[in-house]
Amino acid sequence: MLSTRTTPTRDVVSLDGLWRFALDTTAGPEPWTSRIPATLEAPVPASYNDLFVDPAIRDHVGVVWYQREVRVPRGWAGERVVLRFGSVTHAAQVYVDDTLVAEHVGGYTPFEADLTDVVAAGQEFRLTVAVDNRLTNITIPPGSVDTLPDGRLKQSYFHDFYNYAGIARSVKLASTPRAHVSDITVVTGIDGTSGTVDYTVEAAGTDGHDVRLRVLDEDGVTVATAEGETGSIRIDDVRLWQPGAAYLYDLVVELTRDGELVDSYTLPFGVRTVEVRGTQFLINGEPFYFTGFGKHEDTPVRGKGHDDAYLVHDFQLLDWTGANSFRTSHYPYAEEVLDFADRHGIVVVDETAAVGLNLGVQGGLTGIPPTPTFAEENFGGETKNVHAQHLRELIARDKNHPSVVMWSIANEPASNEEGARGYFEPLVDLARDLDPTRPLTYAAVMFANPTNDTIADLFDVLSINRYYGWYVFTGDLATAESVLEQELRGWVQRFGKPIMMSEYGADTQPGLHSVWDMPWTEEYQTDLLAAYHRVFDRIPEFVGEHIWNFADFMTGPGIHRVDGNKKGVFTRDRKPKGAAFSLRGRWRGLEGRKPGSAHAGDPAATDAAATEGTAS
Ligand code: BDP
């Protein structure tokens, strides 16, 4: 699915800003048929939960309504008009005046509505969106909704991060010609000093057209051309997209008829390869070692609302610590984030929203579920179908991003349980079919170990989440270190694949200190990470370390959490905890606190970081 851009044949109008807002309990019946009172207004993009002081809104379970008026630019007569939502969490119904124009389920992928036949250039229409935040056993992520004795609905879910909802990404109204480029796929390769670009162009709304393509370098110089809907383009003396050194070309795709331009779309892309060979993860044929974090889209007040200021600042902090990558735990992030990663050379493990396919969490530390996770009445065939559809939407959206080097199909599924293989095998096949070029992984929960895991052989990279020294062997780093090493070696021995740590960390209250191994102190977080790093450095098959988490984040209520999950290396407002400085020491080979003391371009820092980063 192409993202929305202005081109010589396409225009875009942003619909971000303040929309009228109401709960379904106050909006009245069929709110799309008339104006919702402007008592409450909510910004788009933002989650709605933390905006208002009324707990009935924050804790609302079910539908809320967003509404605004939109004028179609008068110059758009004869054009196709498309409405595009970056995401609506978790399900949407979209009305233009009295007409239902789109329905979408899945809170982290985009969808469009073709409005060509229901709106007119120069005219205004009323746009109303029903947003449903409910999670059930047939949503991804899953959850369950119960009715309390007083009649209120209660939402439960199997992940700790807060179930923020709303229109958290940008909304756009776009024009395209009726005959238009509807999709582009590029797969790049390297042949000596040349780059190869295998491309496919899809068009819609046309009964006859030609396709011509140009590749422009970063100076706007045409470096290659081609014709036809599919083909291969060669770029001589190619500049590769590399981690830490991004280089993007533009693929200008033009639809023509009798030599006249009909539609034009520009796709930025990078030339790079990704491959798992033996126990190595190769980017452009070179071993790559992931340093970085699992992140969340989470900020005060906005919740999961996309925010360019936090985007820029977070990437500054990634660079400052020497992180070269992150995982989009536990759902696809806003497209702006991936575009930014493409432009700045940050590597991304792109994860689906399949977090919590694991009833073992209800069994506490035993991990024994009260009822089997993959039983038909829990997460069975229908859940799998929804998961498959989500995977299709994710790969359709992100397939052309050079920053995305691997798909993570799920976080902490019950891969130790019977039924996991039947559930995941078709999803792995589907992902390989949709994208044969990128390796696959999933993040393994602590109940799944090298002996009882039933699915790891289906995947390319072992990603392991572990909390030794935190949830188990709390405060005992010596035991944590030795148990961790024994287990990681067990995974390598059984599966013989590259292995990385996809989560490890400790909740940390900034300002709390101790000379002893005291959980929650800044020193304990630093020391726990150091213990893990010693283990990683002793295992030759290790290909990466992603700490949990980049920053503190909001969670649902629970006795394990004090104002959210505090495993951040940065606080929720992005202040460094002590561990940030020691990470910088490990990943950049630098100590110190001044941002000016080490830039990406500092050769000493880069060399040191490279040496550290590839040490295994
Ligand atoms: C892991 C989950 C992650 C949690 C983390 C924790 O993958 O989402 O936030 O535990 O408990 O199991 O901090």
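**Entry 1: R169**

I started at R169, whose side chain makes a polar contact of 2.8 Å with the side chain of E297. By polar contact I mean a pair of N or O atoms within 3.5 Å; within protein, one must be able to donate a hydrogen and the other to accept it, and residues adjacent in sequence count only if both atoms are side-chain atoms. A polar atom of the R169 side chain also lies 3.0 Å from the backbone oxygen of Y108. I placed R169 in the loop between β13 (166–167) and β14 (171–176). Strands (E, at least two residues) and helices (H or I, at least four) are DSSP runs, numbered from the N terminus. Is R169 buried or exposed? It counts as buried, at 3% relative accessibility. My cut-offs are under 20% relative accessible area for buried, over 50% for exposed and partly exposed in between, with a 1.4 Å probe and protein chains only.

**Entry 2: ground rules**

This is a predicted model: I took local features only at pLDDT of at least 70 and side-chain atom pairs only at pLDDT 80 or more, while totals for chains, interfaces and linings use all residues. Residues are numbered from 1 along each chain as its sequence is written, and side-chain values use heavy atoms, with hydrogens and water left out.

**Entry 3: the ligand**

I then listed the shell. The ligand is surrounded by 13 residues, and the closest are D160, H330, E412, Y471 and K567. A residue is near if one of its heavy atoms lies within 4 Å. By class, the shell holds five charged, four polar and four nonpolar residues.

Which side chains did I check against oxygen atoms of the ligand? A polar side-chain atom of N565 is 2.8 Å from a ligand oxygen. For R561, an N or O atom of the side chain is 2.9 Å from a ligand oxygen. For W548, the corresponding distance is 3.0 Å. Taken alone, the ligand exposes 320 Å², and the protein buries 87% of that. These areas come from the Shrake-Rupley method with a 1.4 Å probe.

**Entry 4: E487**

I found E487 in helix α7 (residues 477–495). E487 is buried, with a relative accessible area of 9%. Its C-alpha atom is separated by 9.7 Å from that of T451, 36 residues apart along the chain.

**Entry 5: helix α9**

How many residues of α9 are buried? In this helix (residues 578–588), nine of eleven are. Among them are F581, L583, W587 and the arginines R584, R586 and R588. G589 follows α9, and its phi is positive, near 70°.

Terms used
Ala, Val, Leu, Ile, Met, Phe, Trp, Tyr, Cys and Pro count as nonpolar, Asp, Glu, Lys and Arg as charged, and the others, Gly among them, as polar.
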